[in-house]
Amino acid sequence: MSQESGIVRRKGLRQVMLRGLLFAVLILFCLYYLMPLIVMVSTSLKSLDEIRTSSLISLPQAVTFDAWAKAWSSACVGVRCTGLEPYFMNSVLMVVPSVIISTILGALNGYALTKWRFRGADIIFALMLFGSFIPFQVVLLPMARMLGYFGLAGSVYGLILVHTIYGLAFTTLFFRNFFVGVSDGIVNAAKIDGAGFFKIFFSVLLPMSLPTIVVTVIWQFTQIWNDFLFGIAFTVGDSNPVTVALNNIVATSTGVKEYNVDMAAAIIAALPTLLVYIIAGKYFVRGLSAGAVKG
Amino acid sequence: MAGSKTGRVVFDRFLERWLPQIVVSPLFATSLLFVYGFIAWTVYISFTKSGVMPNYTFSGLSQYIRLWTTPRWLVALENLFIFTSLFIIGCMVIGLLLAILLDQRIRSEGVVRTVYLYPMALSFIVTGTAWKWILNPTLGIEKIIQGLGFENFNFDWLVDPKMAIYTVVIAGIWQSSGYVMALFLAGLRSVDDEIIKAAAIDGAGPVRTYGSIILPIVRPVFFSAFVILSHLAIKSFDLVMALTGGGPGYATDVPATFMYSFAFQRSELGTAAASAVMMLVTITAIYVPYLYSELRRPAK
């Protein structure tokens with residue numbers, strides 16, 4: 001009897017210690033992942049003097065938002081000292097139409113490819129799938145020439161076009177994978193009732209696919225907002241998206257390096273996608289895994 | 001009257017028959033032009049003498065010979081190899097470890113998972129900026145450790161040509177390991193509880209249960225994670241640009257930054273195109289077998 005309870009207690013103690021170790025490791029990793037964010041925020045709230053005298057991880061002694069104000073409205077991006085604001089607006093102007101257009105077209109294409117199966121539908125899908133994982137370096141040169149040819153080089157409109165085109169592969173994929181799982185019976189019933197192609201799409205399938213729409217919008221939003229390659233290759237100065245402007249602020253080598261302004265600028269550039277992640281994290285993760293099946 | 005009515009019916013029939021194809025055709029045309037047409041253009045340019053401007057005279061393999069005799073390209077390849085292998089191993093080890101730990105029915109799992117995964121929502125440009133600051137040779141980690149009393153500690157990898165590529169690895173693993181954790185966690189959760197219970201009844205400890213029962217079941221996740229991570233690594237451009245800009249010199253160049261630099265800064269279109277084709281070939285070699293196996297798998 002006593003021996004038995006002893007075993008139970010010893011096991012219990014071991015269990016508790018293991019549990020404690022488990023939590024310790026998990027919390028340590030939490031700190032590891034959070035450290036850059038904490039360092040960014042705390043550095044952005046310090047004055048330059050304090051940065052020089054204090055250490056990276058010490059919290060700000062006198063909190064000041066000067067660096068934020070400067071990053072937003074007067075920091076120098078290359079030779080222009082306008083702050084991040086105009087570039088942030090460029091990103092907004094770029095991301096909103098690209099996301100809307102590519103999502104609508106993706107939904108329509110995904111629907112046509114799965115619910116109105118015609119000869120060659122699979123081939124079109126496979127061709128398009130390949131387009132979603134090519135390294136974009138392979139299309140960079142001809143795209144730059146084409147944008148130049150159409151007079152879209154160096155403009156936000158050029159970026160809208162590029163993001164819509166290369167986003168289409170992903171949006172079609174997301175909707176195709178969703179519509180494949182929807183029973184054909186629903187579509188056939190609607191056909192018997194006399195509903196046509198667009199009627200079935202708008203009044204039957206689109207309302208069902210609301211979660212997929214959310215996932216697609218979030219995926220597209222983060223991808224396009226975070227893009228750097230197309231932004232740096234196809235835009236100049238005034239039309240740079242916020243990621244390129246941020247990189248220019250940080251890479252500026254003239255004058256005193258203002259680390260607090262750099263960090264504030266980085267947080268401003270990260271804020272939209274960070275908010276999306278905090279508000280709709282579940283859908284963001286689902287988008288990641290939907291993208292993962294194909295890459 | 002009757003004539004126009006039949007006309008309408010014929011037109012409606014025509015629409016009904018062809019509408020899906022008409023709707024999909026812009027997508028088809030877009031893929032053909034912007035993916036395949038552009039690839040063809042780049043491949044062709046890689047076989048010409050193109051320099052500042054495209055030059056459509058065929059010149060055989062000269063650009064590829066130039067590419068493979070350019071020391072900078074060889075550095076880029078070596079960096080890609082170092083980065084890719086360490087990045088994949090690091091992400092897999094940390095990702096799997098965290099997934100197994102999180103699988104132990106933790107109360108605040110949601111919060112922890114959110115923390116682990118948030119770097120994935122941020123742009124590499126943003127996280128590169130943060131890491132550049134942390135790895136700053138005079139004000140970053142070096143200063144913290146010196147502050148702890150280790151006066152002679154130095155950590156200047158970011159500006160050391162030999163070590164700079166490893167700073168890219170550190171930031172890359174930080175950014176993507178949470179994602180691999182999410183992939184593995186989803187895999188672990190899909191393992192049938194009955195199998196785990198049976199193992200427990202047979203007296204298998206946690207290590208044995210994971211090692212010889214659960215992990216073999218989630219083997220496809222290893223495969224997916226490998227493909228996704230290698231894809232991320234080969235395309236990695238943003239992180240290198242943000243962290244080191246390819247420098248010092250071209251010590252941290254990878255093929256993606258090499259291509260950008262030759263195409264847009266040095267205007268050597270032919271060589272840039274050849275390097276882009278090499279990247280495409282590498283990714284295709286990894287991806288085509290993967291896609292083939294994914295598509296053959298019965299739909300969920």
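Buried means under 20% relative accessible area, partly exposed covers the range in between, and exposed means over 50% (1.4 Å probe, protein chains only). The views below come from a predicted model, in which local features need pLDDT of at least 70 and side-chain atom pairs count only at pLDDT 80 or more, while totals for chains, interfaces and linings use all residues. Residues are numbered from 1 along each chain as its sequence is written, chains are lettered from A and ligands numbered from 1 in written order, and side-chain values use heavy atoms, without hydrogens or water.

**View 1. A:Pro36 in helix α1 of chain A.**
Start with A:Pro36, a residue of helix α1 of chain A; helices here are DSSP runs (H or I, at least four residues), strands are runs of E (at least two), and both are numbered from the N terminus. Is A:Pro36 buried or exposed? A:Pro36 counts as buried because its relative accessible area is 1%. Apart from residues up to four places away in sequence, A:Pro36 touches B:Ala130, B:Trp131, B:Ile134 and B:Trp174, where contact means heavy atoms within 4.5 Å. A:Ile57 is 21 residues from A:Pro36 along the chain, and the C-alpha atoms of these two are 9.7 Å apart.

**View 2. B:Ser123 in a loop of chain B.**
Look for B:Ser123 between α4 (109–117) and α5 (124–134) of chain B. With a relative accessibility of 2%, B:Ser123 is buried. Which residues does B:Ser123 contact, leaving aside its neighbours within four places in sequence? They are A:Asn226 and A:Thr243 of chain A, together with B:Gln175 of chain B.

**View 3. A:Asn90 in helix α4 of chain A.**
This helix runs over residues 85–115 and holds A:Asn90. A:Asn90 has a relative accessible area of 10%, so this residue too is buried. Setting aside neighbours within four places in sequence, A:Asn90 contacts A:Val156, A:Asp238, A:Ser239, A:Asn240 and A:Pro241.

**View 4. The largest cavity, with about 920 Å³ of space.**
On a 1 Å grid over the protein atoms alone, a cavity is a set of points where a 1.4 Å probe fits but cannot get out, a pocket is an open set with protein on both sides within 12 Å along at least five of seven lines, and lining residues have an atom within 4 Å of a point. Points are joined across faces, edges and corners, and a volume is the space filled by probe spheres set on them. The model has 4 cavities of 30 Å³ or more. The largest is lined by 38 residues, and those closest to its centre are A:Phe136, A:Gln223, B:Leu232, B:Lys235 and B:Asp238. Which helix gives the largest share of this lining? That is α10(A), with 6 residues. The lining of the largest cavity divides into 21 nonpolar, 14 polar and 3 charged residues; Ala, Val, Leu, Ile, Met, Phe, Trp, Tyr, Cys and Pro count as nonpolar, Asp, Glu, Lys and Arg as charged, and the others, Gly among them, as polar.

**View 5. The second largest cavity, about 90 Å³ in volume.**
Residues of both chains line the second largest cavity, including A:Met128, A:Tyr166, B:Leu27 and B:Val35. α5 (121–131) and α7 of chain A and α1 (2–45) of chain B each supply at least two lining residues. The lining has 7 nonpolar residues, 3 polar and no charged.

**View 6. The second largest pocket, about 1100 Å³ in volume.**
How many residues line the second largest pocket? There are 28, with A:Arg19, B:Ile100, B:Gln104, B:Pro206 and B:Tyr210 nearest its centre. Two or more residues each come from α1 (2–44) of chain A and from α3 (71–102), α7 (164–189), α8 (193–201) and α9 (206–217) of chain B. The largest share, 8 residues, belongs to α1(A). By class, this lining has 16 nonpolar, 4 polar and 8 charged residues.

**View 7. Helix α10 of chain B, residues 219–235.**
Buried residues in α10(B) include B:Val221, B:Ser224, B:Ile228 and B:His231.

Residues 80–102 are 100% helix and 0% strand, with end C-alpha atoms 32 Å apart. Residues 269–292 are 100% helix and 0% strand, with end C-alpha atoms 33 Å apart.

Key:
Expected span 1.5 Å × (residues − 1).
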